[in-house]
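Hi,

Here's the structure I said I'd pass along. Have a look, and then read on for what turned up in it.

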Amino acid sequence: MTEHGGNQHLPHWDLSTLYSSLDSPGFEGDFARWSTMIVDLRTYFDEAGIGICTNVDASATPDRLETAVGRFNEIMALGHKLYSYVTGFAATDSRNVTAQSWMSRLQIQMAEVEKLEPRFAAWVGTLGLDALASQSTIVADHAYPLLRIQIEAKHLMQPAEEELAADLNLTGGRAWSRLYSTFSSQIVAPVEVGGASQLLPMTAIRNLAYDGDRATRQRAYEAELHAWQRNAVPIAAALNSIKGQANTLGRRRGWDTPLDLALFNNAINRSTLETMMDTAKQHFPDFRRYLKAKAKLLGVERCAWYDLFAPVGSHQRSWSFDNAHEFIVERFGEFSPSLGNLAARAFGGRWIDAEPRDGKRGGAFCMWAQGDESRILTNFQESYGGMSTLAHELGHAYHNWCLAGRTSLQRQTPMTLAETASTFCQVIVRNAALEGATAEEQLAIIEADLQDNTQVIVDISSRFLFESEVFARRQGRELSSDELCSIMTESQLATYGDGLDSSALHPYMWAVKPHYYSSVFYNFPYMFGLLFALGVYARYREAPAGFVSKYEALLSSTGMNDALTLAGGFGIDLAQPDFWEASLALVVGDINRFEQLVAERTAALSQR
């Protein structure tokens with residue numbers, strides 16, 4: 001095995017199992033075939049009267065519904081494969097003009113599919129699904145996705161308006177989203193590192209937040225803020241346009257607020273969301289205790305934003321990429337041979353793109369590619385956190401593996417449940433890393449975990465407040481970049497409180513997070529995913545026998561029922577604060593242990 005030291009020679013993903021190149025006969029042929037399939041489906045809808053008239057022959061309805069479902073599944077599966085392949089190039093090199101051109105062509109064809117979806121939904125909305133399910137296995141197998149389509153039918157504009165919205169989205173929200181992704185990935189800024197000024201891409205600058213030297217972290221933070229400030233105008237324009245479009249279409253489709261649409265998309269109700277958020281808010285003081293203990297460890301009065309990811313403690317274990325590879329495969333295999341084998345395939349098959357570089361998208365994500373294959377993007381840093389992020393994204397790949405036998409309509413997983421396997425896998429490696437760890441190693445591991453949990457509970461809450469306020473104000477007018485910064489700062493103060501230095505927050509977090517530019521209220525599902533996964537993991541520790549098969553069945557069914565119903569299969573009642581409190585108690589236990597370790601270290605140092 002070739003050692004990957006630091007960020008040198010980290011792997012790039014291999015996309016050749018999908019197609020050999022962007023100009024290969026296979027790729028171009030599939031694109032042409034996909035385009036023809038879309039035209040053929042429109043012709044079929046026209047001939048069958050689907051979405052055009054209400055006097056469709058009832059006796060032919062089961063066959064027509066089966067045909068429509070089958071064709072939609074085929075179109076979605078092939079379209080996803082094509083989109084994943086092009087994304088594999090565009091996400092790692094935003095200057096790849098061929099990939100950007102293909103992305104534009106794909107989005108034009110996707111708009112044609114989007115025009116057919118309202119017609120299908122309007123027709124399905126008129127059908128008696130229970131009666132049809134008794135006549136058709138295919139309808140019965142798609143009962144839940146079709147039920148959701150019936151609900152969507154109640155929120156449709158007129159057919160011509162839906163077609164116009166799909167067309168305009170190409171030059172509206174989707175174009176602004178592409179602008180943000182391309183523009184932000186190409187931002188570079190000078191940063192002094194090791195006594196020399198270097199011109200670094202934003203992904204590398206943000207990775208310096210994990211540097212052990214506080215002066216380096218501060219310089220990187222200041223360089224980052226200056227870079228966002230210099231580039232704020234087009235990014236603010238993108239955000240205003242995307243949120244403005246969401247407001248307009250949501251209102252025209254009869255959603256009371258953008259949040260109501262997000263709740264439907266995430267298969268939970270407002271009461272469940274409020275119970276979770278309120279329970280989390282009650283524990284903000286605990287997270288502030290953690291941040292104050294970390295400040296003491298760093299020798300500062302109060303943590304600044306650039307201290308949030310500062311490393312503490314120490315590791316005897318090296319967390320190079322290769323060591324992370326070996327550790328993850330081994331520990332995943334102890335939980336489940338299928339999970340361990342999946343991780344080994346991901347590393348061995350070069351599913352992972354780990355090197356931070358200019359033009360590459362920041363952060364990390366996992367995308368389903370085809371069949372049971374996924375591709376994982378990270379900007380790996382050699383640390384426990386870098387290993388934990390890899391485990392998280394491999395959890396998504398495991399989820400995709402569990403969904404491999406489902407059709408495209410059956411595998412449409414809400415984000416609330418999409419974070420279950422990823423968070424669960426992080427818990428597996430974290431508990432494994434703690435085994436036999438020294439006090440210094442425990443300090444490092446628990447603190448890295450608390451970094452993540454603070455992001456998912458406290459910072460996600462700030463982002464939820466921010467997005468709520470932006471949507472409300474955007475109803476009346478566009479917001480300037482200064483206003484967006486002000487809203488973000490107020491949201492951070494309301495959640496972090498006195499846990500952070502109020503003069504050193506991050507007002508440009510709205511420019512950092514790509515999710516604002518591709519979805520509505522992307523934020524709360526992450527908190528849900530963390531707390532739900534902790535609760536499911538607790539069930540595993542209580543009764544490990546037979547758990548894996550039941551767990552894999554849950555992951556396979558995340559597009560087949562709502563979150564409340566699926567959670568009930570594990571004896572979890574999401575409507576009760578007790579569940580959320582029990583999950584948060586696990587995090588608070590880590591905070592208490594962290595404070596204890598800090599106190600022990602401080603006492604030991606004072607006796608020297």
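Before the helix pairs, one definition: an axis here is a line fitted to C-alpha atoms, for helices over the stretch in contact, and angles run from 0 to 180 degrees between N-to-C directions. Also keep in mind that this is a predicted model.

Let's start with H24. The axes of helix H17 (residues 384–402) and H24 come within 8 Å, crossing at roughly 85 degrees. Angles of 65 to 115 degrees count as roughly perpendicular, so that's how H17 and H24 sit relative to each other. On the H17 side, the contact is made by Tyr398, His399, Trp401 and Cys402, and H24 brings Val548, Tyr551, Glu552, Leu555 and Ser556. Sorted by type, the residues of this contact are six nonpolar, two polar and one charged.

H24 (residues 547–556) also pairs with helix H23 (residues 524–542): their axes come within 11 Å and cross at roughly 155 degrees. Anything over 145 counts as roughly antiparallel, and H23 and H24 are therefore roughly antiparallel to each other. Their crossing is right-handed. Phe532, Val536, Arg539 and Tyr540 of H23 meet Phe547, Tyr551 and Leu554 of H24. That contact divides into six nonpolar residues, no polar ones and one charged.

Elsewhere, take a look at helix H6 (residues 143–153), where Tyr144, Pro145, Leu146, Arg148, Ile149 and Gln150 are buried. What covers them? Among the elements doing so are helix H2 (61–90), helix H3 (97–124), helix H4 (129–133), helix H5 (137–141) and helix H12 (258–265).

Cheers

Note on methods. Residues numbered from 1 in each chain as written. Predicted model: local features only at pLDDT ≥ 70, side-chain atom pairs only at ≥ 80, totals over all residues. Heavy atoms only, no water. Helix = DSSP H or I, 4+ residues; strand = E, 2+ residues; numbered from the N terminus. Parallel < 35°, antiparallel > 145°, perpendicular 65-115°, else oblique. Left-handed = near helix turned anticlockwise from the far one by under 90°. Contact = heavy atoms within 4.5 Å. Nonpolar A, V, L, I, M, F, W, Y, C, P; charged D, E, K, R; others polar. Buried < 20%, exposed > 50% of the residue type's maximum accessible area, 1.4 Å probe, protein only.
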